[in-house]
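Welcome, and please have a look at the model below before reading on. The briefing that follows is meant to be read side by side with it.

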Amino acid sequence: MKYYSTNKNSAEVSLQEAVVKGLAPDKGLYMPERIEKLPQEFFDKIDTLSFQEISFEVAKAFFGEDIETETLRQIVYDTLAFETPVVEVEKGIYSLELFHGPTLAFKDVGGRFMARLLEYFVKKQGQKDVKVLVATSGDTGSAVANGFLGVEGIHVYVLYPKGKVSKIQECQFTTLGQNITALEVDGTFDDCQALVKTAFLDEELNKVLNLTSANSINVARFLPQAFYYFNAYAQLKRQGKADNVVFSVPSGNFGNITAGLIAKAMGLPVKRFIAANNDNDIFFQYLKTGIYSPRASVQTIANAMDVGNPSNFARVLDLYKNSHKAIAAEITGFSYDDKIIAATLKTAFKATGYLLDPHGACGYQSLKEDLKEGETGVFLETAHPAKFLETVEEIIGEKVEIPEKLQAFMQGEKKSILLANDFNDFKKLLLAEK
Ligand SMILES: *Cc1c(COP(=O)(O)O)cnc(C)c1O
C-alpha cells in the first residue's frame, strides 16, 4: 500500500517510509491510498471475535501487503495486551474505556503499535541511532516512551510544555531513563509540536540524523486507533445495542476521531460522530462557519486537548474532499469551558457513581445534550481520571484511588532537560547527542 501526502506536493511512499519519516516533505500528513471496505461476513460475526482478532483483520486491510502475516499478527497481539471495555454509565450512554493499557490513556494503542512497527523496520534496515521526536500535551509522551522503553537502536525525545501537564502525566515520561530523554520546553504544546515539525524539515539535521515522529501525525500511531471503534461495536452488538451508534470523541489534535472516521469508511456501521472540544474550539468554530482559523491554545483542565492548530484536521479535510458540508453532515461539534467540564464531572459522579476524567466529561456531556431517540451513545473515555488527580479530587471533593500501575511511575526520580522555545537550541541539543 502506498501513502500520499495530504498536501499532494510530494511523492507517494511505502509504509516503511511513511512510518520512518512521519511527516511528508511538503509538510502534509500521510494517508493510505486505499481505505478498504471489510467484507460483510466480518461484521456478521464480529460479536464472536476477540479484540485482538478484530484488530488483526483491520490491521491486515492497511498493513497486510507490507508486513508478513505472522509478524503483523504478533505486533497486533502484543500491542493489545489489554481490553477496551464498553461500560454503561446510564441508559443509552456508554463509556468506551480506553485507559486499561500500561499508561492509562488511549494513546497506549497507537504508541505500542508504532513502537513495535518501527522496531521491525529499523531492524530490517539494519539502522542504528534512530531518534524519535514526540511532542506531548500529556498522554502521548508516556504512551510512546513506555512503548519504546529499552528498544535497542531507538532513542526517544519527549518534548512537553513546562508546567502544563499534570504531575502524574509528567512522571510517566521523566522517570524512565534508559533511551528516553524528556525535554521540558518553555512554551505551549503547539510550540513543542512546531519544534518537532521544524526538525523534520531541517535539511542539515536530516542529513546527519535518522529522525522520526511518534505523534498522531505518524500513520503507525494513527491508523491502529481504528481498532477500538470496531471492538466497541462488537461489544454493543453482543448486547443488541449496535443500531444507530453515535461516537463522541474528546478531541484535541483530532487523531482519535479521524481514526473513527476511517473505521466508518471501512464499513463500520456508525450513525454519526461528535467532536467534543474544550475552550480550544477551533474545530467547533470551523463546523459553524466553514472557516478554519487556528489560534494559540489556551490552558484548560482537559489539558490533553489544549491544541490550537490540530494536525489531523488536514486528514479530515482530505477524507471529505475539502467539503465543509460533508464534514458537518458527519460530525457535530461541542465546546465546553472548564466550569462546565467540572460541573459535568461532579454531577455525573453524584448521579451515576461513574467517575469521568475531564476529557471524557466533554464526550459524555455532548451525548447528554445531543443524543436522539433510538441512538446509542458511546463516548471515548480517553484516560483514567487518576491521571488528573488534583483536578478531579478538587471537583468531587473526595480522594481518588490511584491504580497500582500509576503508583509505580510516581516512585521514580524526575529527570528532564530544560529547553527554551527556540529551534536552534533544540537543534544543537540533538546534534550534540549524535
Ligand atoms: C490526546 C488526548 C486527547 C485528544 O486526542 P486527539 O487524538 O489529539 O484528538 C483527549 N483526551 C486525552 C486524555 C488525551 O490524552
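Here is a short tour of strands, helices and charged residues. This is a predicted model, in which local features need pLDDT of at least 70 and side-chain atom pairs count only at pLDDT 80 or more, while totals for chains, interfaces and linings use all residues. Residues are numbered from 1 along each chain as its sequence is written, and side-chain values use heavy atoms, with hydrogens and water left out.

**An enclosed strand**

- Buried means under 20% relative accessible area, exposed over 50%, and partly exposed in between (1.4 Å probe, protein chains only). Helices (H or I, at least four residues) and strands (E, at least two) are DSSP runs, numbered from the N terminus.
- Thr376, Val378 and Leu380 point one way from strand 12, while Gly377, Phe379 and Glu381 point the other way. In a regular strand, side chains alternate between the two faces of the sheet.
- Strand 4 (residues 93-97) runs parallel to strand 12, joined by 5 bridges; Ser95 has Phe379 as its bridge partner. Pairing requires at least two DSSP bridges between two strands.
- Strand 9 (residues 245-250) also pairs with strand 12 in the parallel sense, over 4 bridges, and Phe247 has Val378 as its bridge partner there.

- In helix 12 (residues 255-265), 9 of the 11 residues are buried, so the helix is largely enclosed by the rest of the structure.
- Just after helix 12, Gly267 takes a positive phi of about 110°.
- Glu330 and Lys264 meet in a salt bridge (2.6 Å, N to O). The pair links distant parts of the chain, with Glu330 in helix 15 (residues 324-330) and Lys264 in helix 12, 66 residues apart.

**Other charged residues**

- A salt bridge is a side-chain nitrogen of Lys or Arg within 4 Å of a carboxyl oxygen of Asp or Glu, and the count comes to 23.
- Glu119 forms a salt bridge with Lys123, with the closest N and O atoms 2.9 Å apart. Because the two are 4 residues apart in helix 5 (residues 107-125), about one helical turn separates them.
- Asp190, in helix 8 (residues 189-201), is buried yet has no salt bridge; the nearest side chain of opposite charge, Lys197, is 8.1 Å away. Lys and Arg count as positive and Asp and Glu as negative, with His and the chain ends not counted.
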